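These are my notebook entries on a structure that I had not examined before. I record here what I looked up, entry by entry.

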Amino acid sequence: MTYYQSKVLKSDDLASLRTKVEAGLKEVGFGVLTEIDIQATMKKKLDKDYPPFLILGACNPVFADKVLTAEPHVSTLLPCNVTIRSVGDDDYEVTIMDPAAAMSVVKNPAIESLAGEVRAKLMSMLENL
């Protein structure tokens, strides 16, 4: 089982693709709680150049509540990360984490079922971009 799924898309820029990704997440019940700008962070911390690259911390509050109720320490695996990064020219890769793979370490059947549902929602978003 791979720990991610991805899709390469054409876009004029990262900002417009981000808007599209956030709209897709919203359609399946997710919002973005956090953002890490890898390009800016690596330049600031290491003076290293990276192409445009964002990590978006996506959350569906209903599912987050269910998994936290079943297993409070699962908070170390939240939120679900979605990345957008330039892979050259006008190509950007959108990658989602596989919650089922991430949560498999928890060994809790209640979590496994919920993680499968979250995976289906994130895959639907990715496929519809």
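I took contact to mean heavy atoms within 4.5 Å. The model is predicted, so I kept to its limits: local features need pLDDT of at least 70, side-chain atom pairs count only at pLDDT 80 or more, and totals for chains, interfaces and linings use all residues. Residues are numbered from 1 along each chain as its sequence is written, and side-chain values use heavy atoms, with hydrogens and water left out.

Entry on E93. I located E93 in strand β5, residues 91-97; strands are DSSP runs (E, at least two residues) numbered from the N terminus. Leaving aside neighbours within four places in sequence, I found E93 in contact with S6, K7, V8, T83, I84, R85 and V87. With a relative accessible area of 14%, E93 is buried (under 20%; exposed is over 50%, partly exposed in between; 1.4 Å probe, protein chains only). The side chains of E93 and S6 make a polar contact at 3.1 Å (a pair of N or O atoms within 3.5 Å, one able to donate a hydrogen and the other to accept it; residues adjacent in sequence count only if both atoms are side-chain atoms).

Entry on the rings. I noted one aromatic pair in the structure. The ring centres of Y3 and Y4 are 5.1 Å apart and their planes stand at 70°, so the pair is edge-to-face (centres within 6.5 Å, planes over 60 degrees apart; under 30 is stacked, the rest tilted). Y3 is exposed at 60% relative accessible area, whereas Y4 is partly exposed at 35%.

Conventions. Helices (H or I, at least four residues) and strands (E, at least two) are DSSP runs, numbered from the N terminus. Rings of Phe, Tyr and Trp (its six-membered ring) pair if their centres lie within 6.5 Å; planes under 30 degrees apart count as stacked, over 60 as edge-to-face and the rest as tilted.
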